[in-house]
Amino acid sequence: MRKVLLQFLPALMSFIPFYAAAQTKIIQGEVLDKQSDEPIPFVSVKFTVQSGGMLTDSLGKFSIVLNSRTAADTLLITSVGYAPTRIPVADIEDSSFITIHLAVIQSKEEVVVKAKYNRALWFWKKIIAHKPENDRRQFGNYGYEVYNKLELDLDNVNKEKLGRNFLLKPLSFVLGYVDSTSEKKPFLPVYLTETLSDYYYQKDPRKTREIIKATITNGIENESYIKQLGNTYQNVNVYDNTIPVFNREYVGPFSDNGSNFYNFKLLDTQYLAGKRLVHFAFKPKRPGGEFFEGDCWVHDTSFSIQKIMLRPATDANINFITGLTLIQEFRLINDSTWFLYKDKFVADITPISKKRLGLKARKTTTYKDVLINSSLVTAALDSNKSNEDILLKRGAQNKPDSFWQEKRHEPLNASEQTVYKVLDTLTNNKTYIRYQHAFNFLTTGTLDVGNVRIGPWYYWVSGNPYEGTRMRFDLATNRGFNNKLNLRGYLAYGFADKTFKGKAEAKYMLSRSPWSYIDVYYKKDIDNGQVVYDQLGSDNVFGFFLRKPGMEYRLQQVTEKKFEYYRETFSGFGIGVWANSKQYEAVLNLPGASYFPAKTGEPFNTFETGLRLRYAYQEHTIEDNFERYNLGSDYPVVELNYVHAFPGVFNSSYKYDKVTLSVSDYLNIAPYGTLYYNVFAGKVFGTAPYQMLAVLPGNSWYYYSKYSFNLINRFEYLTDRYAGFNIEHNIGSGIFRYTKLTRKLKLRQFWEAKGIIGDLSDANYNLNFVSGNPFKTLNNKMYLEVGTGVDNIFKFFSVDFIWRVLPRPLPTERVDRFGVFFGFKFSL
């Protein structure tokens with residue numbers, strides 16, 4: 001019998017695995033953050049009844065064995081900061097791979113236990129103490145290849161409802177690409193950009209260089225926009241004191257004074273590749289501020305961050321954002337240096353409500369081929385023309401698919417591949433193109449038709465007492481006509497004065513990098529009072545509705561011929577020279593030329609030459625057609641202007657000199673918002689009529705003007721020497737963070753102050769204070785108005801309350817001492 005059993009033993013042993021397999025099954029899966037789709041490491045996956053379970057690995061993956069005893073059990077998936085998830089084993093299919101999404105628990109106020117020894121705070125102090133050696137900017141230089149990917153998805157897509165929309169019916173074929181899963185809301189991938197760059201950094205003197213080697217922009221042809229998609233403008237450093245979130249600065253948990261704003265907690269420890277990591281969590285101490293909540297894994301020897309997830313606090317004052325996560329992951333590039341490996345940013349954007357159509361934006365950046373303190377980095381930076389160079393390599397936009405398949409740091413997933421199918425279909429669809437043009441026309445005011453640009457539309461109809469109803473039509477060439485030459489102008493007609501007006505201009509771009517041009521124009525039109533760029537002029541359809549009642553129109557006609565040359569250098573220094581001839585004619589409520597007899601030439605006729613010097617170090621800009629818009633600088637912007645007037649040229653009558661100086665800057669002072677300041681001064685040497693002196697910019701509209709004095713009318717105050725300031729402090733939530741209602745409404749607070757002290761010489765006083773003049777002078781007194789208000793009302797509007805406090809005595813009319821102004825602004 002024993003011999004028989006021994007003969008069958010090998011067969012029995014071989015049968016056992018088959019029997020066991022019939023009784024067990026292996027389930028593999030991954031655990032992801034529901035909002036960001038980021039893998040969550042070291043998550044507990046265990047049975048609720050039977051013993052057994054495991055932790056996910058560093059990539060959020062797990063593999064667990066089920067048997068007959070656990071067939072009726074339930075898997076419990078838990079991780080600190082996330083809501084637990086339960087999955088009945090019976091619902092799991094055989095040999096399946098499951099994806100589990102965990103949702104973040106809404107932040108709640110916790111009781112903070114005060115102890116004599118706070119180990120979490122001790123650990124935070126260690127991280128702070130080791131910041132200088134763990135921050136990548138410690139190195140003399142570094143470089144890497146960087147891959148940027150930005151995807152936009154339409155979220156919460158209701159195929160049936162959208163399919164019934166008569167405007168979208170012609171595009172209903174796109175809905176066939178909607179992705180729908182059991183756990184997530186249906187979404188439609190609609191846009192994707194990819195950029196591959198070489199990036200170099202040097203600490204002292206600070207230099208950066210980015211060479212964009214390849215890019216897929218899907219419709220974006222503007223080179224200045226493409227440069228925004230690279231690495232230079234998207235560099236987040238979690239060791240910084242403040243971390244940018246859109247246009248706001250948030251106090252980082254590892255800022256030097258972060259313990260004043262955050263509570264910290266030590267959770268657990270795990271090992272990764274033989275390195276002991278500590279799980280560390282943080283939450284803001286107070287509600288409604290610009291802070292984060294989240295967690296990170298920290299190497300317990302070097303105190304370097306290995307992975308961090310940051311989320312703005314649940315009651316953070318951000319518009320249109322219902323979910324936002326910033327993730328950074330670091331890897332060892334040698335035995336002791338943790339360097340940034342992956343950077344991810346995910347935002348859920350809901351313009352209307354969570355239940356309506358929204359947008360999910362995902363930006364993923366990966367880094368490879370890191371160089372540290374390398375001569376190759378030094379050699380690359382030696383080629384810089386400025387301290388911050390961004391170059392778009394020739395042919396970067398025309399790389400074949402084979403190039404991207406080889407060079408992408410990670411392959412495209414299914415939804416990203418769908419984007420290209422959707423875009424290929426839409427870009428050839430006539431209905432989509434028409435909708436795109438209509439949207440651009442409504443939002444920008446202009447429309448390109450072939451090589452011609454029409455608009456802006458908001459100038460088409462306006463009016464004033466002198467011209468009556470006014471019609472205006474603008475026309476310009478775009479870069480399709482000529483990449484260097486821009487021709488533009490407009491024609492206007494007033495039905496009361498029965499006169500045509502207009503402007504003709506030619507601008508020739510000598511260079512776009514650095515910015516350099518020649519501009520020539522002729523203009524004959526009513527001066528509509530728009531002397532600062534944010535000021536609403538009378539030549540605008542909105543002027544009908546927003547002009548303050550009882551404010552006197554003060555109008556003059558100007559005939560101007562001007563030549564200007566402007567050039568910048570790579571260092572941010574700009575120089576401009578210009579010459580112009582102006583002939584003024586007072587037409588309404590201003591003293592006319594008969595009061596200003598001229599010894600030579602014609603009254604109100606001047607010929608000026610000017611020199612403009614401007615310094616804006618590392619200023620960020622974007623271009624549109626032949627215009628450039630400043631996005632700001634981390635440093636003050638300084639501008640100096642000098643003007644000299646020559647008599648006897650083109651019948652000019654006056655000789656004078658003007659000097660003006662301005663210094664302005666935006667300061668991020670998180671968690672206390674942002675502070676804008678502008679200090680300025682000027683002087684006119686000589687005697688001249690009021691148009692050629694310094695006229696304080698007034699505001700005749702209910703629309704608030706940041707750069708004007710809002711409680712005075714135009715041509716109310718004349719000066720020929722002055723100095724002043726303009727301060728605006730946007731606090732953020734401010735006092736509104738103290739109640740749940742105002743936090744929910746996301747109201748914001750600000751205050752402002754504008755002051756100027758000036759005087760007028762006796763000669764200019766005697767010349768200009770003629771019969772019927774509307775002028776005043778400050779007589780070396782200060783004009784000061786202060787204000788406060790509520791911003792972000794219904795996410796778009798603001799209300800400013802402005803008081804005039806100087807000079808004394810104040811005007812008798814209350815409307816001249818206090819005003820309520822409205823504003824419109826789109827901000828996140």
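**Entry 1. A pair of strands**

In which sense do strand 25 and strand 26 pair, and over how many bridges? I looked at the predicted model and found that strand 25 (residues 485-494) and strand 26 (residues 499-512) pair in the antiparallel sense over 10 bridges. I note the terms here: two strands pair if DSSP finds at least two bridges between them. Helices (H or I, at least four residues) and strands (E, at least two) are DSSP runs, numbered from the N terminus. Residues are numbered from 1 along each chain as its sequence is written. The model is predicted, with local features needing pLDDT of at least 70 and side-chain atom pairs counting only at pLDDT 80 or more, while totals for chains, interfaces and linings use all residues, and side-chain values use heavy atoms, leaving out hydrogens and water.

Within this pair, I found Arg 488 opposite Glu 505 in strand 26. The two strands form a hairpin with 4 residues between them. Lys 498 lies in that loop and has a positive phi of about 50°, although it is not a glycine. Is Lys 498 buried or exposed? Lys 498 counts as exposed, because its relative accessibility is 60%. For this term I use the following limits: buried means under 20% relative accessible area, exposed over 50%, and partly exposed in between (1.4 Å probe, protein chains only).

**Entry 2. The next hairpin**

I followed the chain onward from strand 26. Strand 26 and strand 27 (residues 515-526) pair in the antiparallel sense over 10 bridges, and a hairpin joins them through 2 residues. I noted that Gly 502 has Lys 524 in strand 27 as its bridge partner. Pro 514 is found in the loop between these strands, and the peptide bond from Ser 513 to Pro 514 is cis, with omega near 0°.

I then looked up another cis peptide bond, which joins Arg 808 and Pro 809 with omega about -5°. Pro 809 is found in the loop between strand 41 (797-806) and strand 42 (818-824).

I turned to an open sheet of 4 strands in the order 3-2-5-6, with antiparallel pairing. Strand 3 (53-55) and strand 6 (85-88) stand at the edges with a single partner strand each, so one side of each is left without a neighbour in the sheet. Neighbouring strands here are turned by 15° against each other on average, direction ignored. Angles run from 0 to 180 degrees between N-to-C directions, and axes are lines fitted to C-alpha atoms, for helices over the stretch in contact. Strand 5 (residues 74-78) pairs with strand 6 over 4 bridges, and Thr 74 stands opposite Pro 88 in strand 6.

Strand 8 (residues 141-155) and strand 19 (residues 358-372) run antiparallel and are joined by 13 bridges. Asp 155 has Gly 358 in strand 19 as its bridge partner.

I also looked for helices on this sheet. Contact means heavy atoms within 4.5 Å.

**Entry 3. Two loop residues**

I found Thr 314 in the loop between strand 16 (305-312) and strand 17 (321-332). Thr 314 counts as partly exposed because its relative accessibility is 40%. Lys 746 lies in the loop between helix 11 (740-745) and strand 39 (748-759). Lys 746 has a positive phi of about 60° although it is not a glycine, and counts as buried because its relative accessibility is 17%.

**Entry 4. The whole protein**

I recorded 12 helices and 42 strands. The C-alpha atoms fill a box of roughly 140 × 65 × 60 Å, taken along the principal axes. Of the 828 residues, 49% count as buried. Among contacts between residues at least 6 apart in sequence, 62% join residues at least 24 apart.
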